[in-house]
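Open the model in your viewer and keep the sequence panel beside it, so that each selection can be followed in both places.

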Amino acid sequence: MTPNPKKPVNWARHSKTLSFWILVILIPVAFLTWGSGRQPQSAEITYTQYRQHLELGNVKSVVFQPDNVMQGTFNQSVKVGARDSRAFTVRIPPGLAAAESDRLYARGAQVSAQEARANIGSLLITILPYVL
C-alpha cells in the first residue's frame with residue numbers, strides 16, 4: 001500500500017481569508033484615527049487655574065461632560081506647560097457643577113452639556129458574541 005500524497009496547499013484561499021481579516025481590522029482603525037485627528041488637543045489644567053482664568057474673564061465657553069469633566073476655550077491663548085493653548089480640559093470636584101454653571105453665566109461664558117457617548121470598543125465587545 002502506497003501512502004497518499006499530501007494535497008497541495010490552497011494559497012489562494014488562505015490569502016483571501018487573510019486579506020479579509022486585515023481589512024476587518026484596518027478599516028475601523030483607520031476611521032478612528034481619521035476621526036480623532038480633527039479635534040485640537042486641549043491642555044489639561046487644574047481646577048485652581050481654571051478658577052483664576054474665570055475670575056479674570058478669560059473663559060469663553062465650556063462644555064460639561066460626564067464624570068465631572070469640563071472642556072472649554074479661553075478668550076486669549078494661555079501658556080500651559082511648554083505650549084500656548086486656547087482649549088482646556090479640567091476636572092471639577094464632585095458636586096460643584098451647578099455652582100460652576102452659575103459662575104460661568106455670571107461671567108458671560110457660553111455653557112453647554114454633552115451626553116455620554118458610546119465607546120466604539122465597548123460597542124464591538126458587546127456585539128462580538130452575536131457575530132461569533
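Which residues form a nonpolar patch on the surface? Select L18, F20, W21, I22, V24, I25, L26 and V29, which form this patch and have about 780 Å² of accessible area together. A patch here joins nonpolar side chains (Val, Leu, Ile, Met, Phe, Trp, Tyr) within 5 Å, or like charges within 9 Å, using residues with over 30% relative accessible area and no salt bridge, a salt bridge being a side-chain nitrogen of Lys or Arg within 4 Å of a carboxyl oxygen of Asp or Glu. Accessible areas come from the Shrake-Rupley method with a 1.4 Å probe, and for residues only the protein chains shown count as cover.

This is a predicted model, in which local features need pLDDT of at least 70 and side-chain atom pairs count only at pLDDT 80 or more, while totals for chains, interfaces and linings use all residues. Residues are numbered from 1 along each chain as its sequence is written, and side-chain values use heavy atoms, with hydrogens and water left out.

W21 is partly exposed at 48% relative accessible area, where buried means under 20%, exposed over 50% and partly exposed in between (1.4 Å probe, protein chains only).

Now move to T89 in strand 4 (residues 83–91), a residue that is buried, with a relative accessible area of 13%.

Finally, colour the whole protein by its four helices and five strands, which follow the pattern α-β-α-β-β-β-α-β-α along the sequence.

How values were computed
Helix = DSSP H or I, 4+ residues; strand = E, 2+ residues; numbered from the N terminus.
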